[in-house]
Amino acid sequence: MLAQNASDMPETITSRDAARFPIIASCTLLGLYLFFKIFSQEYINLLLSMYFFVLGILALSHTISPFMSKFFPANFPNRQYQLLFTQGSGENKEEIINYEFDTKDLVCLGLSSIVGVWYLLRKHWIANNLFGLAFSLNGVELLHLNNVSTGCILLGGLFVYDVFWVFGTNVMVTVARSFEAPIKLVFPQDLLERGLEANNFAMLGLGDIVIPGIFIALLLRFDISLKKNTHTYFYTSFAAYIFGLGLTIFIMHIFKHAQPALLYLVPACIGFPVLVALAKGEVTEMFSYESSAEILPHTPRLTHFPTISGSPASLADSMQQKLAGPHRRRPQNPSAM
């Protein structure tokens, strides 16, 4: 849904948040690992499937809504609705759910529900990837870095995190393979042999998309702030991401072992733009730029998500909550290759 209130701003990650992120991510990852070791994997994944079934439908619905709007006729009867649940009364009244939507959103919700049922019943890799891409797009949309230095701290910390948990232990790989939820994109390696029924997959965690993605988005805003009508840093960082991802796949194919994608993505996404800035003499401008999380022109905003009190802390949770105040921080859950 397009934002109706300009005050609905995305969550901004500060340098303090960025420094704490790898520690929180490590605790979360280790907790999930122990959870899978102690409790039955079948029941855990059943609970997670239901949780991500709901969140996936909401995320996918909000993702396709701006595109689906183009297909509705001009005389389409579009009515406005609001779903509101509160507790208490008077000054103690507290909103539990406040969700605004219209008829077009209901149509998108219905289409997304079809994908949700498909995912819930079959766990098909295409349905998984549709939900995963929706989570990723909403994550990049709703999370902002305030400056390049913060981005370097975040990427640098997760670089160490990713390398340690993939190469130093089997925790990351075990959780990724045990966790039957759309927190990763899967790529069938036996697609030619088995077609759509492929069952041998390579995996890319959503964290390897969202974290570099918010850094690339920051560089796009920096490009626009320069007012030179060029997107040099955005295109450079985007090409660097493609290069780093391709290198990850190549190394994984050569060594036949899971690879920490951020090991290759972080140097590429930071190094390439910095080299361009050095060549153009704009290093000072780059590192002194402060993003105010301004809304880019012609960019639809996806901000109206239902806020449900007490939901689990996860990346998907951070995607569904709205910013309630300038100092409110949303808990995040990493995912890796």
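Biologist: Which side chain does Arg-194 meet in a salt bridge?

Modeller: Asp-190. The two side chains meet at 3.9 Å, N to O. Bear in mind that this is a predicted model.

Biologist: Asp-190, buried or exposed?

Modeller: Buried. Its relative accessible area is 10%, and the cut-off for buried is under 20%.

Biologist: And Arg-194, what is its relative accessible area?

Modeller: 45%, so Arg-194 is partly exposed.

Biologist: How many salt bridges does the count come to?

Modeller: Five. One of them joins the side chains of Glu-197 and Arg-122, at 3.5 Å, N to O. That pair links distant parts of the chain, 75 residues apart.

Biologist: Where do Glu-197 and Arg-122 sit?

Modeller: Glu-197 is in the loop between helix H7 (191-194) and strand E6 (201-205). Arg-122 is in helix H3.

Biologist: Why is Glu-197 called partly exposed?

Modeller: Because its relative accessible area is 44%.

Biologist: Let's go to H3. How many residues does helix H3 have, and what should they span?

Modeller: H3 has 20 residues, 103-122. At 1.5 Å a residue, they should span 28 Å. The end C-alpha atoms are 29 Å apart, so the span agrees with expectation.

Biologist: What caps the N-terminal end of H3?

Modeller: Asp-102. One of its side-chain oxygens lies 3.2 Å from the backbone nitrogen of Lys-104.

Biologist: Which residue follows H3?

Modeller: Lys-123. Its phi is positive, near 50 degrees.

Biologist: Which residues of H3 are buried?

Modeller: Thr-103, Asp-105, Cys-108, Ser-112, Val-115, Gly-116 and Tyr-119.

Biologist: Is Asn-138 buried or exposed?

Modeller: Buried, because its relative accessibility is 0%.

Biologist: New topic. Which side chain does Glu-282 meet in a salt bridge?

Modeller: Lys-280. The distance is 4.0 Å, N to O. Salt bridges with shared partners join Lys-228, Lys-280 and Glu-282 into one network.

Biologist: Where is Lys-280 found, and what does Lys-280 touch?

Modeller: Lys-280 is found in helix H10, residues 262-280. Leaving out residues up to four places away in sequence, Lys-280 touches Thr-232 and Tyr-233.

Biologist: Last one, the surface. Which residues make the nonpolar patch?

Modeller: Leu-30, Leu-34, Phe-35, Ile-38 and Phe-39. The patch is about 490 Å².

Biologist: Where is Leu-34 found?

Modeller: In helix H1, residues 15-38. Leu-34 has 42% relative accessibility, so it counts as partly exposed.

Methods. Residues are numbered from 1 along each chain as its sequence is written. This is a predicted model: local features need pLDDT of at least 70, side-chain atom pairs count only at pLDDT 80 or more; totals for chains, interfaces and linings use all residues. Side-chain values use heavy atoms; hydrogens and water are left out. Helices (H or I, at least four residues) and strands (E, at least two) are DSSP runs, numbered from the N terminus. The expected span of a helix is 1.5 Å times one less than its number of residues. Buried means under 20% relative accessible area, exposed over 50%, partly exposed in between (1.4 Å probe, protein chains only). A polar contact is a pair of N or O atoms within 3.5 Å; within protein, one must be able to donate a hydrogen and the other to accept it, and residues adjacent in sequence count only if both atoms are side-chain atoms. Patches are made of residues with over 30% relative accessible area and no salt bridge: like charges are joined within 9 Å, nonpolar side chains (Val, Leu, Ile, Met, Phe, Trp, Tyr) within 5 Å. Accessible areas come from the Shrake-Rupley method with a 1.4 Å probe; for residues, only the protein chains shown count as cover. Contact means heavy atoms within 4.5 Å.
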